[in-house]
Amino acid sequence: MLVLGIETSCDETGVALYDTAHGLLSHTLYSQIDMHSEYGGVVPELASRDHIRRVLPLIEQALQTARRELRQVDAIAYTQGPGLAGALLVGASIGAAMGFALNIPVLGIHHLEGHLLSPLLSKPAPDFPFIALLVSGGHTQLMRVEGVGRYELLGETVDDAAGEAFDKTAKLLGLGYPGGAALSALARQGRPGLFKLPRPMLNSGDFNFSFSGLKTAVLTLINKQAMTEQTRADIALAFQDAAVEVLAGKSLAALSQSGLSQLVVAGGVGANRQLRETLSARVATMGAAVFYPELEFCTDNGAMIAFAGAMRLQADGRQAERANDGRFTVKARWDLEMIDQP
Ligand code: KG4
Ligand code: ZN
């Protein structure tokens, strides 16, 4: 079964073709980061308009790379939410229209389900059940994943998401948007232990997070220092140390409390090298295993959406028989625990 995946929830247009027999055949991506960086953040209306420009050429490119024809596609999966309403509408309307024209099933996928399942695209892949740390620009959650569509929220951020904290701190340090990767690169020049920032909620006894205080602590630190290039790097490292320690500490606590032996990390911040190194080292001492998506599938992409669609169709054949009437909806806000089980 060949599934076309379309992701347009935020500032990346992602398209992919996933074949249930042969795996991922192709994926194409256009990032709008350069366009939005001028404004220091994503401008929703510009995002929607750019998705319209990119999505059809990307679909053609994905088909060409996979050496497949449109008529060979068996199902379409698009990101139904959560995300920017106007941006989501682009993927949903093109997915529904193509599905109607081809008379094939169309599935609306939860963006975070895409992220959660993305480590299964890599080898070795984790088996269900596992604990997932979902760390993106908009979300920071610890989940227990029993199977496709069966997600239990263990804890989440009470304020800023981890990626948002990286981005805001990067901005305070004069780095561009989104600053997570740039902050991480700068931190590599930082001197360990020079500054110590708080570890918010590390010992709160639950699986919730808080990152807004950390950003404020960085601001206070910046205001007290003569800012040299070296100081910026030292502060970047101090921030990253604090964020990583909290993310790793809570993830390991969730893993050990669950009695499970697999941890999965997904979302853009999952690309962070220090987070990966810390988790890998600590999980190994527990005799457990940690799984990461390929770097290119950590941030938003179409492959995770095509894959989630394929998993859902495989889990429930009736979805494939569902009548396709060309109608579609998007959900700008959508709780992952509220999604259907296949
Ligand atoms: O999953 P994603 O692409 O988009 C959302 O769904 O939010 O995540 C983007 C987030 C941004 O906040 C970005 O700064 C962060 O991931 N990020 C990183 C790194 N690469 C991307 N944060 C820390 N270290 C990185 N290497
Ligand atoms: Zn995302």
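Mentor: Start with the space itself. Here ligand 1 takes up the largest pocket. Keep in mind that this is a predicted model.

Trainee: Which elements give two or more residues to the shell around ligand 1?

Mentor: They are α4 (111-117), α5 (162-172) and α6 (180-187). Of these, α5 gives the most to the shell, with 3 residues.

Trainee: How many residues surround ligand 1, and which are the closest?

Mentor: For a shell like this, a residue counts if one of its heavy atoms lies within 4 Å of the ligand. By that rule, 19 residues surround ligand 1, and the closest are G137, D167, G180, G268 and N272.

Trainee: And how do the shell residues divide into nonpolar, polar and charged?

Mentor: There are 6 nonpolar, 11 polar and 2 charged residues around ligand 1.

Trainee: What about polar contacts?

Mentor: Look for pairs of N or O atoms within 3.5 Å. The side chain of D167 has an N or O atom 2.5 Å from an oxygen atom of ligand 1.

Trainee: How much of ligand 1 does the protein cover?

Mentor: On its own, ligand 1 has 560 Å² of accessible area, and the protein covers 86% of that.

Trainee: Which domains does the shell draw on?

Mentor: Domain 1 (2-116 + 300-338) and domain 2 (128-292) each supply at least three residues to the shell around ligand 1.

Key:
Residues numbered from 1 in each chain as written. Chains lettered and ligands numbered in written order. Predicted model: local features only at pLDDT ≥ 70, side-chain atom pairs only at ≥ 80, totals over all residues. Heavy atoms only, no water. Polar contact = N/O pair within 3.5 Å; in protein donor to acceptor, adjacent residues only side chain to side chain. Areas by Shrake-Rupley, 256 points an atom, 1.4 Å probe, with all protein chains shown as cover. 1 Å grid on protein atoms, 1.4 Å probe; cavity = no way out; pocket = protein on both sides within 12 Å on 5 of 7 lines; lining within 4 Å. Sits in = over half its atoms within 2 Å of the grid points. Helix = DSSP H or I, 4+ residues; strand = E, 2+ residues; numbered from the N terminus. Nonpolar A, V, L, I, M, F, W, Y, C, P; charged D, E, K, R; others polar. Domains from an automatic or database assignment.
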